[in-house]
Amino acid sequence: MSYYLNSENHLDPGPVYVRENGQLHMVNLALDGVRSSLQKPRPFRLFPKGFSVELCMNREDDTAQKEKTDHFIFTYTREGNLRYSAKSLFSLVLGFISDNVDHIDSLIGFPEQIAEKLFSAAEARQKFTEPGAGLRALQKFTEAYGSLVLCSLCLRNRYLVISEKLEEIKSFRELTCLDLSCCKLGDEHELLEHLTNEALSSVTQLHLKDNCLSDAGVRKMTAPVRVMKRGLENLTLLDLSCNPEITDAGIGYLFSFRKLNCLDISGTGLKDVKAVKHKLQTHIGLVHSKVPLKEFDHSNCKTEGWADQIVLQWERVTLEAVKPRETSEPGAAAQHFYGKRARTEAPVKCHLADAHMNSSEKLQFYKEKAPDCHGPLLKHEALSSQESKKSKKRAFEEPEKEQSNSSQSSKQKYVCLAVEDWD
């Protein structure tokens with residue numbers, strides 16, 4: 001120890017304590033020949049002397065020095081001085097794993113709370129939009145957590161997203177609601193074939209409005225349920241509206257869906273509606289609604305889960321790749337760039353579906369619930385009272401209308417002027 005203290009080139013060891021007879025003594029104060037620098041320990045420096053943030057950020061070739069600065073958070077005080085604080089070890093590890101999440105072997109058995117934070121960190125770094133690594137990273141989460149990643153997927157009018165991110169969409173498992181309305185898939189699309197996979201056997205609501213489907217497409221979609229009793233066997237709501245190529249023969253394939261409660265076949269090529277109604281009532285138990293019909297509420301089907309923002313990122317990337325550059329004024333472009341003015345984009349509407357719905361009769365079926373003991377009587381009384389009230393209102397309104405019409409006609413008689421009066 002004396003050799004170490006007397007040596008010229010040595011590091012500051014700090015204060016050294018020795019316990020003697022139950023008491024602590026500082027060695028460097030008791031020993032002679034100790035330098036004064038050892039008595040006052042030097043302040044600990046996070047960065048070497050002459051450190052400059054600007055130089056480290058501009059040196060792109062020196063990756064090691066740049067990674068060292070990423071471990072700290074730089075802020076400015078009110079006086080304008082630079083202040084830095086070290087990040088937590090958890091955030092550093094989370095950022096490192098999110099950057100390399102596609103190289104993880106498996107996440108099965110990993111805690112869900114930490115996995116959700118890891119998913120959010122990877123999403124913030126836009127890891128899932130990368131061409132090759134994004135698919136591998138997404139598959140790690142879907143294999144381990146299933147419906148937690150995504151339980152409901154809405155791809156309405158997003159045919160560009162389907163064409164660009166088809167493999168990523170096929171990686172989602174245990175979906176309960178899937179909306180593919182107005183995507184023009186057709187009978188031979190790969191995604192329509194994927195609907196018969198066991199990974200989507202949990203789907204209960206399926207919207208296929210305006211997808212250019214025919215009887216062949218319905219036959220392919222229902223084949224696993226009819227033959228092997230697997231596939232979309234848990235389906236309770238099905239929307240096949242605005243597909244004019246679906247005829248009475250295609251509706252016959254839907255009898256295999258025993259759990260079906262709601263069916264929309266408006267805008268299809270049905271000819272014998274009464275026969276279809278009778279078949280649906282006998283095979284499945286679906287009857288035509290006795291109340292004024294409304295379209296299926298598509299607002300219930302929306303993207304829900306950890307990956308709700310990923311679909312928006314995919315759509316943004318595809319639209320930016322396809323959308324031509326806007327020729328706007330320099331002032332408006334600058335405001336768009338700095339975020340002071342939001343870009344207003346007109347929503348995409350399905351004109352073909354609207355035309356079919358306006359031109360054809362709405363054919364929606366539902367399975368009625370078991371009637372209550374007092375339910376029908378109360379409903380009947382309520383309807384009768386409403387009809388009586390309406391008849392009374394009409395009786396009072398008709399003479400008022402006649403009086404108003406007579407007064408208007410009298411006014412018109414007095415107001416009519418001849419040509420001489422105009423002159």
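Buried means under 20% relative accessible area, exposed over 50%, and partly exposed in between, with a 1.4 Å probe and protein chains only. At 7% relative accessibility, Asp102 therefore counts as buried. The model is predicted, so local features need pLDDT of at least 70 and side-chain atom pairs count only at pLDDT 80 or more, while totals for chains, interfaces and linings use all residues. Residues are numbered from 1 along each chain as its sequence is written, and side-chain values use heavy atoms, with hydrogens and water left out.

Asp102 forms a salt bridge with Lys127, the closest N and O atoms being 3.7 Å apart; the term requires a side-chain nitrogen of Lys or Arg within 4 Å of a carboxyl oxygen of Asp or Glu. Lys127 lies in the loop between helix 7 and helix 8 and Asp102 in the loop between helix 6 and helix 7, so the pair ties together parts that are 25 residues apart in sequence. Helices (H or I, at least four residues) and strands (E, at least two) are DSSP runs, numbered from the N terminus. Lys127 has 9% relative accessibility and so counts as buried.

The whole structure holds 10 salt bridges. In one of them, Glu315 is joined to Arg158, with the closest N and O atoms 3.3 Å apart. Glu315 belongs to helix 15 and Arg158 to the loop between strand 5 (152-154) and helix 9 (159-164), so this pair ties together parts that are 157 residues apart in sequence. Arg158 is buried, with a relative accessible area of 16%, whereas Glu315, at 23%, counts as partly exposed.

Helix 6 (residues 89-99) contains Phe96. In this helix, Leu94, Gly95 and Ser98 are buried. Seen down the axis of helix 6, its buried residues fall within an arc of 95°, so they line one face of the helix; the arc is that of the directions from the helix axis to the C-beta atoms. What covers these buried residues includes helix 7, where contact means heavy atoms within 4.5 Å. On the other side of helix 6, Leu89 and Phe96 are exposed, Phe96 at 58% relative accessibility.

Next come the aromatic rings. The structure holds 6 aromatic pairs. Rings of Phe, Tyr and Trp (its six-membered ring) pair if their centres lie within 6.5 Å; planes under 30 degrees apart count as stacked, over 60 as edge-to-face and the rest as tilted. The rings of Phe119 and Phe141 have centres 4.9 Å apart and planes at 90°, so that pair is edge-to-face. Phe119 lies in helix 7 (residues 112-124) and Phe141 in helix 8 (residues 133-145), so the pair ties together parts 22 residues apart in sequence. Both Phe119 and Phe141 are buried. The ring centres of Tyr145 and Trp306 are 5.5 Å apart and their planes are at 50°, so this pair is tilted. Tyr145 is in helix 8 and Trp306 in the loop between strand 10 (287-288) and helix 15 (308-322), 161 residues apart. Tyr145 and Trp306 are both buried. Ring pairs link Phe119, Phe128, Phe141, Tyr145 and Trp306 into a cluster.

Strand 6 (residues 177-179) holds Leu178, which counts as buried at 4% relative accessibility. Not counting residues up to four places away in sequence, Leu178 touches Leu153, Leu195, Gln205, Leu206, His207 and Cys301. Leu178 and Leu195 are 17 residues apart in sequence and 9.8 Å apart in space, C-alpha to C-alpha.
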